[in-house]
Amino acid sequence: MENRLDDAVRDGRARGAILELVRRRHRAQNSRFDHVELWHMLRGIGIDVGENDVITYLQDLEVLELIEFATDKDRRTNRTSITHIQLCARGLRLLDGKITEDTVLL
């Protein structure tokens, strides 16, 4: 049970960090992230996740309508690549405190 709680905390922290990193990039008017760059940045701030974890977090955030991105799946290698990651209007409202979303953190 405790291990699942630790995983949930790590997952919530990672999703929250993704939103903040995407927001900072947007405010600076830098190019949009791809999942690999985001993965390295998460590891750089001490969130120990794998590449597939990052893809899953991004897909979760898309389902929650907080971010959007382009996806490419290489049919030969079965590798998923996510690019052009950006906040949706709902994601911006969440980060501005205009709405709350407990499920992002849980």
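Is Arg-15 buried or exposed? At 7% relative accessibility, Arg-15 counts as buried. The legends below follow this residue and others through a predicted model.

**Figure 1. A salt bridge joins Asp-60 and Arg-15.** The closest N and O atoms of the two residues are 3.6 Å apart. The pair links distant parts of the chain. Asp-60 sits in helix 3 (residues 51–63), and Arg-15 in helix 1 (residues 2–27). The two residues are 45 residues apart. Asp-60 is partly exposed, at 30% relative accessibility. Arg-15 is buried, at 7%.

**Figure 2. Arg-25 and Glu-37 meet in a salt bridge.** Their side chains come to 2.9 Å, N to O. Arg-25 belongs to helix 1 and Glu-37 to helix 2, so the pair ties together parts that are 12 residues apart in sequence. Arg-25 counts as buried, with 14% relative accessibility. Glu-37 is partly exposed, with a relative accessible area of 30%.

**Figure 3. Arg-10 and Asp-11 form a salt bridge.** Here the closest N and O atoms lie 2.9 Å apart. Asp-11 is buried, with a relative accessible area of 19%. The cut-off for buried is under 20%. Arg-10 counts as partly exposed, at 30% relative accessibility. The model's count comes to 6 salt bridges. Side chains of opposite charge can pair when their charged atoms come close.

**Figure 4. Helix 2 has a buried face.** Helix 2 spans residues 35–44. Which of its residues are buried? They are His-35, Leu-38, Trp-39 and Leu-42.

**Figure 5. Gln-29 and Asn-78 have positive phi values.** Most residues other than glycine have a negative phi. Gln-29 is not a glycine, yet its phi is positive, at about 60°. Where does Gln-29 lie? It is in the loop between helix 1 and helix 2. Gln-29 counts as exposed, at 60% relative accessibility. Asn-78 is not a glycine either, and its positive phi is about 65°. Asn-78 is found in the loop between strand 1 (67–74) and strand 2 (79–87). At 53% relative accessibility, Asn-78 counts as exposed.

**Figure 6. The largest nonpolar core holds 25 residues.** Those with the most contacts inside this core are Ile-18, Leu-19, Leu-42, Leu-58, Ile-67 and Ile-85. Helix 1, helix 2, helix 3, strand 1, strand 2 and helix 4 (89–95) each supply at least two of the core residues. Which element gives the largest share? That is helix 1, with 6 residues.

**Figure 7. A close-up of the contacts of Ile-18.** Ile-18 is among the residues with the most contacts inside the largest nonpolar core. Leaving aside residues up to four places away in sequence, Ile-18 touches Leu-38, Leu-42, Tyr-57, Leu-58 and Leu-61. Leu-38 and Leu-42 are among the buried residues of helix 2. Leu-42 and Leu-58 are also among the core residues with the most contacts.

Notes
Residues numbered from 1 in each chain as written. Predicted model: local features only at pLDDT ≥ 70, side-chain atom pairs only at ≥ 80, totals over all residues. Heavy atoms only, no water. Buried < 20%, exposed > 50% of the residue type's maximum accessible area, 1.4 Å probe, protein only. Helix = DSSP H or I, 4+ residues; strand = E, 2+ residues; numbered from the N terminus. Arc of directions from axis to C-beta. Salt bridge = Lys/Arg side-chain N within 4 Å of Asp/Glu carboxyl O. Core = buried A, V, L, I, M, F, W, Y, C linked by side-chain atoms within 4.5 Å. Contact = heavy atoms within 4.5 Å.
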